[in-house]
Each structure stands twice: as structure tokens, then as C-alpha cells.
Amino acid sequence: MTGVSVLRAGLMTTIQDEGRWGYQAAGVPVAGPMDGWSHRLANLLVGNPRDAATLEITGTGPDLRLDRAARLAIAGATFSGHLDGRPWTSPVVLDAPAGSQLVFGRRERGFRAYLAAAGGFGAPLVLGSRATDVRSGLGGLGGRALRDGDRVPIAAGRRGAAGRVAPPDAGWMLPEAPARLRVVRGPDEDEDADRAYEQLVSGSFTVSPQSDRMGYRLSGPPVGIGAAPRISAPVVAGLVQVPPSGDPVLLMADRQTTGGYPAVAVVIAADLPRAAQLGPGDRLVFESCNQDAALQALLAIERTLLAIDGS
Amino acid sequence: MKPRITPLGDSALLVAFDPVIDAAVNARVLAIAARLRGRQVPGVRDVVPAYASCAVHFDPLRTDRGRLHAAVDEAVASAGGDAPAATPSTLRIPVCYGGPFGPDLGAVAVFAGLSEDEVVRLHAQHDYRVFMIGFLPGFAYLGPVDARIAAPRHPAPRPLVRSGSVGIAGRQTGVYPLDAPGGWQIIGRTPVRLFDPASDTPARLSPGDMVRFVPVDRDEYARAAAGTS
């Protein structure tokens, strides 16, 4: 099955589908796209089902050669680049002929983009998913990020998928300065957690360089110093933990399945794409939110995708 | 024992007992998790038990909240923890202790004020319960470790702990299923594979199982390793 040849892999490019669900009880992380909304948009734009595998592109994008013709879409962080010399700016849908070269150039806003190909990128299913978890060495291409010289197959797409156009508000998740991440209270209900939550929602934080797909270490005013550790308990994406150091950690896609630090707040699902678009040096603040508002926010961004799907 | 049931973000619920490492509490958690998995509530995408709590992960856009809460309430009310559903199996795990396989065995001996042989004897003398799987795929948290050898973990993790390494961290013991950084006190190594991603049940151990470590020498280790590769 032909697809793309990786001429230059970029900073961190991995195959991702919607994640490896159902095995956290065996200690297997979910992984999957950091910005699940942009992953879905890219798939929608080329007529793929939502769980088709895309390439998650981080920071610096790749140079790829198309070994076969393919309809491509790029969504998420705004990149400029060219296809056989013809410039493009994302979000975009491209019909790439066989032998053409797709080059990612300058990144304008955001940190992660998703490249979808009609038919989906191919990788073996591992525990039901193609998502790459580099720490466990599972999924994707050999359980690792792409390297120069790799070949990634593209499965055959459905014929005649209508051309689609990205909506004007496809960049809603791109960072403002500071980015606002809405949170609900975490499950810990003691004085330490109360105090730490107040500190979280009144401070301003920066994504430190010690940040990756497992989670972001945040620098800023110390939070929850002296809070006692807990016995290991299950965690979720978006959980803000407070280790003894006082630097909060925001758990992301490749997080471990359980953790022992105080669990003070959780970023709402609707704001995880926004969190995913932050890179080292970006500033953020946390805003208190309730469960009803969290659901309304999720419904709103879902409606945007459904509107495209119906077009 | 009545647990709290609280949101864990907007896409999960947490059923939490008082946080203790206790076999009876853990058995109750496992029973609740098994019951919830069996109910197969639409929209639920994972049920994850730990020492004294269990998370139910769901897709907020595909889940009927009322139905989910009713299922959780029913599981909490009806899942008993007094008798296991099936007799737990005891897995005997051969371990070559010390030497190059156990770089921290000496330190644990110093901590305990005992000889290395005594530490090994205390580690291998009784069955351990699997309380939960976490931290790494297939990593089983086993306990309780004899207090005399319950050395605390290193202040900073080792960059690389080899797959199969047997470690102690306080009253917990465990086996690393992959090469990974880690802070546990490494006292030996086993050739037994504890994680197989090609299997539908990828973790060799399940919570509630019992484990017995069996000291073996280098030759036996090599023979067992050849057999399992």
C-alpha cells in the first residue's frame, strides 16, 4: 500500500487516531490526538470517518513526498507551506498528485496540526487503535515518532467524496495571550485542595519547556506547596495535578493511567483542543466553570463539526 | 463502607472510598468495576480501578447521564467485596536476585540492617496481592511488603530500569514490564513477560491475583529467559 515518503520528519510527527480506549485498567495510556477537534475536522474535510488515522504535526512540520495521488487536508495550527511549489495556508484541502512534494513551512499560530489523507493513514491496530504511544512503544509506525526515510501507507479512500471547505471559525482553539482554560473542581475535597484550586484560578501560568504529550509542567506562582501525596488513583486528560514542587502539571494525551499527586482541577473537554495548541512559552489562565457550562461548550463545538459534515 | 461518587472532570466519574491500601476495600472496588463493565452502558469507554477508587470514563455527547448514574449507584449498592467471584490464581514468578540484576539490593539490606540473603528471604516468603495495574502497561502494584524491607523509592528516578526488574517502593513491590525510567529500589529481575500487546488481555496480572516470587540462580534465569523469548 503506497502513501507518503517522509523526506524530513519534523519536530515530532506521529500517527494518531482517536485513542486506545478500553485498556487503561491494564495500564495502557489512551494516547490519541492532543487536539481531537482539529483531528476530526481534517478527517471530515477529506470525507474520512472520525477514527481514521491522521498525522499529528508538532512545532516544525514535515516534508513529504506523495507516492500516490491523494486528497489531503490540514487543520489545527496555522501553517504556510507549498505543494510542488504552489503555496498553501491551513486550514486547507489539497489534491496532491502522485510524485508531488508537500512541504510545511512557517507556523503562524498554535502548536499542533493534523494532516488527513482520504482513506486514512495505515498502521497496524494495536489493542484496537492505531494511535502512537511513544513511551510504551505502542501503535503508529513501530511505536515511535516518524523519522526521515519512513514510508507511511494511505488506505484507499471512498471515491467521489465531495470537496469540502474549512469553516471560517476553524481556528477557535488557537491561543490568545493568555489562553483561557475553563476548569471544574477536581475530586479531592480537603482544605489543601480548596486552597490549591483558589491559587490555580487566580494565577497566571506559562507552559515550561518540560512539557510534552504526557503533560505540561506549568511555571508561575507556586500552587499547593505542602499538599500531602495520595495513593494512586485514576486520572483523566485535562487533570491539573499539584506535585510537592508547587509547579502544576496539566495531564494530556499520553498521561499514565493513574497518579498519586493531589487532583485539584480538570480542564473541560471543550477546552482540551485549546490546551493542545499551546507550546513552551505560551501563557494561560484557568477559569472556574460548572458541569452544565462544560457540556454546553462541548455541544457548541460539536455543532460546528456537524454543520460541515452535513454540507 | 459507602464511597463518594464525584465528577472527575466532565468526561468521567470517580467512585472513591477512603484512600487506604487495604485488601477488603480493594476487593470492593474491583467488584464495582467488574459490575460496571458488565453493564456496558452506552457511551462508557473505560472503567479503571485503583487501590481504593474506580473511574468510569464516558463520552459526554453519547452518554445518558441518568442511565450512567443509575448504573453506578446500582453497582455500588450491589457489588459485594467479601467473596471473590473466582478463586484468584497465584502466579509464581522466578527472580534472580542481586548482582547485576539487583543494583539496589545492597542499599535495601543497609536500610533493613539485614544481610542481602535475609532481604531476599523476606521478599520471597509470602504471596502478594495485586491491588491495581498502572504507571506502565502491565505494571502491577503488589503488596504489602514486610515493613523491615519497605525501603522508600529513590528521590529521583533512574533514567533506565530494565524490563523484568523487580522493585520495592515502601510497602509496595512490583515488576517493570518494559524498559522505563523509574524510582523503585531494584533488587532482582525476572524473565517472565508481564505485558503482551498482541493479546486481548495484554496484562499478565489482574487486580486480585496473587503473586509469589521464587528465587532462582543465574543458570535457571538464563534457561527460563530462553524459554520465554
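Me: Which residue's side chain meets Arg182(A) in a salt bridge?
Reply: In this predicted model, the contact runs from N to O at 2.8 Å. The partner of Arg182(A) is Asp271(A).

Me: How many residues apart in sequence are the parts that Arg182(A) and Asp271(A) tie together?
Reply: Arg182(A) lies in strand β10 of chain A, residues 179–185. Asp271(A) sits in the loop between β17 (263–267) and α3 (272–276) of chain A. The pair therefore links parts whose separation in sequence is 89 residues.

Me: How many salt bridges does the whole structure hold over all chains?
Reply: The pair Arg182(A) and Asp271(A) meets in a salt bridge. A search over all chains gives a total of 26.

Me: In what order do the seven barrel strands of chain A stand?
Reply: The seven strands close into a barrel with mixed pairing. Neighbouring strands are turned by 40° against each other on average, direction ignored. The order is β10-β17-β14-β15-β12-β11-β18.

Me: Which residue in β15(A) is the bridge partner of Gln241(A)?
Reply: Strand β14 of chain A (residues 239–241) and strand β15 of chain A (residues 249–251) run antiparallel. Two bridges join them. In β15(A), the partner of Gln241(A) is Val249(A).

Me: Which residues of chain B lose the most area to chain A?
Reply: About 3200 Å² is buried between chain B and chain A, with carbon and sulfur atoms giving 63%. In chain B, three residues head the list and together make up 18% of what that side buries. They are Leu8(B), Asp10(B) and Leu61(B).

Me: Which strand gives the most to the side of chain B that touches chain A?
Reply: Eight residue pairs are in polar contact between chain B and chain A. On the chain B side, β1 (4–7), β2 (12–16), β3 (44–49), β4 (53–58) and β6 (128–133) each supply at least two residues. With five residues, the top contributor is β3(B).

Me: How many residues on the side of chain B that touches chain A are nonpolar?
Reply: In all, 44 residues of chain B contact 36 residues of chain A. On the chain B side, eight are polar and eight are charged. The nonpolar count is 28.

Me: Why is one side of β1 and of β3 in chain B left without a neighbour in the sheet?
Reply: Four strands of chain B form an open antiparallel sheet in the order β1-β2-β4-β3. β1 and β3 each have a single partner strand, so one side of each has no neighbour. The reason is their place at the edges.

Me: What angle does the direction of helix α2 of chain B make with that of β2(B)?
Reply: Helix α1 of chain B (residues 23–39) packs on the sheet, and its direction makes about 165° with that of β3(B). Helix α2 of chain B (residues 65–78) also packs on the sheet, touching β1, β2, β3 and β4 of chain B. Its angle with β2(B) is about 20°.

Me: Which residue in β13(B) stands opposite Val95(B)?
Reply: Strand β5 of chain B (residues 90–97) and strand β13 of chain B (residues 210–215) run parallel, joined by six bridges. Opposite Val95(B) stands Pro215(B).

Methods:
Residues are numbered from 1 along each chain as its sequence is written. Chains are lettered from A and ligands numbered from 1 in the order in which they are written. This is a predicted model: local features need pLDDT of at least 70, side-chain atom pairs count only at pLDDT 80 or more; totals for chains, interfaces and linings use all residues. Side-chain values use heavy atoms; hydrogens and water are left out. Contact means heavy atoms within 4.5 Å. Buried area is the accessible area (1.4 Å probe) that two parts lose on being put together, summed over both. A polar contact is a pair of N or O atoms within 3.5 Å; within protein, one must be able to donate a hydrogen and the other to accept it, and residues adjacent in sequence count only if both atoms are side-chain atoms. Ala, Val, Leu, Ile, Met, Phe, Trp, Tyr, Cys and Pro count as nonpolar, Asp, Glu, Lys and Arg as charged, and the others, Gly among them, as polar. Two strands pair if DSSP finds at least two bridges between them. Axes are lines fitted to C-alpha atoms, for helices over the stretch in contact, and angles run from 0 to 180 degrees between N-to-C directions. A salt bridge is a side-chain nitrogen of Lys or Arg within 4 Å of a carboxyl oxygen of Asp or Glu.
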